[in-house]
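Here's a quick tour of a protein model, starting with a pocket and working out to the overall fold. Have a look at it first.

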Amino acid sequence: MFERFTKDARAVVEGAVLHSERTGADTVAEEHMLLALLDREGSRGSFALAALGLADRRDSVERDLAEVRRRGGLSRADAEALSGLGIDLSEIVSRVEEVHGEGALGPGSGAGAKSGDGRRTRRRPFAPEAKGVLVQSLRMAHARRDRHIGDEHLLMALTARGGVAAEVLADHGVTYETVTRVLYGDGGAAEAG
């Protein structure tokens with residue numbers, strides 16, 4: 001599949017791995033892909049993000065992602081579902097942080113040998129959700145009859161799949177519909193799933 005990725009899409013995947021390493025995560029997650037997309041300039045994905053005003057709100061996106069990490073990766077929908085069962089996620093996070101320190105539910109240092117500069121020497125695996133984004137991007141490109149998978153397909157896949165990255169993007173006005181409208185002018189006429 002990666003042979004069909006454009007240089008911009010490959011740069012997003014490579015950037016996601018670097019973001020994963022910087023945060024000490026054991027796997028490459030959707031949030032790392034989102035951050036790598038925000039790093040891009042001069043690509044179709046970066047054009048869409050800029051047109052939707054997200055390029056100027058990176059700090060806000062990073063704060064929202066940090067809050068999700070603080071909750072152990074649970075989305076608001078997850079928190080609401082737990083609340084329906086009488087479980088107050090905010091209270092649990094507060095208590096865990098009282099005992100174990102702030103960010104205790106975030107990613108740990110993980111396993112694996114490290115090189116002299118502190119980076120892991122083993123290959124960092126992609127979380128199932130991040131793998132799903134890669135597969136979804138292939139489907140999006142195929143639905144559009146595009147020959148290659150670009151970073152815009154990765155962005156569309158992030159917005160179409162749901163989950164933490166889609167939630168943070170939607171909070172900033174970036175949805176599957178808005179992205180496809182900016183990129184193609186059609187409001188998402190091609191199949192999202």
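## The second largest pocket

The second largest pocket holds about 290 Å³ of space. Its lining is made up of F2, R10, V13, E14, V17, R123, R124 and F126. By class, that's 4 nonpolar and 4 charged residues, with no polar ones.

This is a predicted model, so local features need pLDDT of at least 70 and side-chain atom pairs count only at pLDDT 80 or more, while totals for chains, interfaces and linings use all residues. Residues are numbered from 1 along each chain as its sequence is written, and side-chain values use heavy atoms, leaving out hydrogens and water.

## Arginines over a tyrosine

Y184 has R44 over its face, 5.3 Å from the ring centre. The charged end of R144 also sits over the Y184 ring, 3.8 Å from its centre. (To count, NZ of Lys or CZ of Arg must be within 6 Å of the ring centre and within 35 degrees of the ring normal.)

## Helices and core

The protein chain has 10 helices and 0 strands (DSSP runs: H or I of at least four residues for helices, E of at least two for strands). Of its 193 residues, 40% count as buried, meaning under 20% relative accessible area with a 1.4 Å probe, protein chains only.

The largest nonpolar core has 38 residues, and M33, L34, L49, L154, L158 and L169 have the most contacts inside it. Such a core joins buried Ala, Val, Leu, Ile, Met, Phe, Trp, Tyr and Cys through side-chain atoms within 4.5 Å. Helix 2 gives the largest share of this core, 6 residues.

Methods: 1 Å grid on protein atoms, 1.4 Å probe; cavity = no way out; pocket = protein on both sides within 12 Å on 5 of 7 lines; lining within 4 Å. Points joined across faces, edges and corners; volume = space filled by probe spheres on them. Nonpolar A, V, L, I, M, F, W, Y, C, P; charged D, E, K, R; others polar. Buried < 20%, exposed > 50% of the residue type's maximum accessible area, 1.4 Å probe, protein only.
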